[in-house]
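This note sets out some points for a reader who is new to structural models. Please keep the sequence and the structure in view while reading.

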Amino acid sequence: GRVMSFWLESLPFWIALVPLGVYCCVMGGLQLRHRPLVMSAAWDSALLGTALSGLVAVGPLAAIQPLLGGSPWGAVILLLLYALVVAVCILFARPRLLIYNATVEQVRPLVVQNAAAVDPAVRWAGESGALPTRGLQAHVEGNGPLRTVSVVVLQAGEAGEAWTDLSRRLRRMSRRLRVQPSTVGMVILAVGCCILLVSFILAVGVV
């Protein structure tokens, strides 16, 4: 039988808004918890890529699809290409651990304590620590308004095991922290709810 063509430009705009709205609600909710949440940068990037997938599909990908000459698999190819780009970005990004709803002042003592447990010879210069015995260098950086702290690997070499050990220790100890909900979280959650509301209104209007 005839294979039907799937055109990205025919997707209703409200569908593109749903992943972004859900993402904002989830991120806002994380900032309202009394316990911080630790997540690897790979998962964070994958979630962000998923959140933007709808807008990318109805925007750039929909504009490119006609250039494929009406292939029935054009949309699938473009979506797979987008997923590949996200995967490559994750693969080549520096290893990073994200701690949501926490400050540098709260996280740095945990990093110092656990780095010393991984390598007693650890040396600190400001917010950067070197674990010479394990061949690992890491940096603690914060995003004040969003109350998100990143522990970034500056130099790993063959220190994958040391980073895994440090990450596991930080995850375990971060769960014991008790923090105040972030007011920014309320804003992000409200934005997410507004996006989902607009999506619902557009969907009802289309129907």
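1. Confidence. Within the chain, confidence is highest in helix 1, at 90, and lowest in strand 6 (residues 148-155), at a mean of 84. These values are pLDDT, the predictor's confidence in each residue, from 0 to 100. The chain averages a pLDDT of 83, and 89% of the residues score at least 70. Helices (H or I, at least four residues) and strands (E, at least two) are DSSP runs, numbered from the N terminus.

2. Basis of the values. The model is predicted: local features need pLDDT of at least 70, side-chain atom pairs count only at pLDDT 80 or more, and totals for chains, interfaces and linings use all residues. Residues are numbered from 1 along each chain as its sequence is written, and side-chain values use heavy atoms, with hydrogens and water left out.

3. Helix 1 and helix 2. Helix 1 (residues 13-30) packs against helix 2 (residues 41-64) at an angle of about 160°, and their axes are 7 Å apart. Axes are lines fitted to C-alpha atoms, for helices over the stretch in contact, and angles run from 0 to 180 degrees between N-to-C directions. Helix 1 is therefore roughly antiparallel to helix 2 (under 35 degrees counts as roughly parallel, over 145 as roughly antiparallel, 65 to 115 as roughly perpendicular and the rest as oblique). Residues of helix 1 including Phe13, Leu17 and Tyr23 meet residues of helix 2, among them Asp44, Leu48 and Val58; contact means heavy atoms within 4.5 Å. The residues of this contact divide into 12 nonpolar, three polar and one charged (Ala, Val, Leu, Ile, Met, Phe, Trp, Tyr, Cys and Pro count as nonpolar, Asp, Glu, Lys and Arg as charged, and the others, Gly among them, as polar).

4. Helix 2 and helix 3. Helix 2 also packs with helix 3 (residues 74-92), at about 145° and with the axes 9 Å apart. By class, their contact has 12 nonpolar, three polar and no charged residues.

5. Helix 4 and helix 5. The axes of helix 4 (residues 104-118) and helix 5 (residues 160-174) cross at roughly 135° and come within 9 Å. The two helices, helix 4 and helix 5, are therefore oblique to each other. Their contact comprises nine nonpolar, three polar and two charged residues.

6. Salt bridges. How many salt bridges are counted? The count comes to four, a salt bridge being a side-chain nitrogen of Lys or Arg within 4 Å of a carboxyl oxygen of Asp or Glu. Arg96 lies in strand 2 (residues 96-100) and Glu141 in strand 5 (residues 136-143), so the pair ties together parts that are 45 residues apart in sequence.
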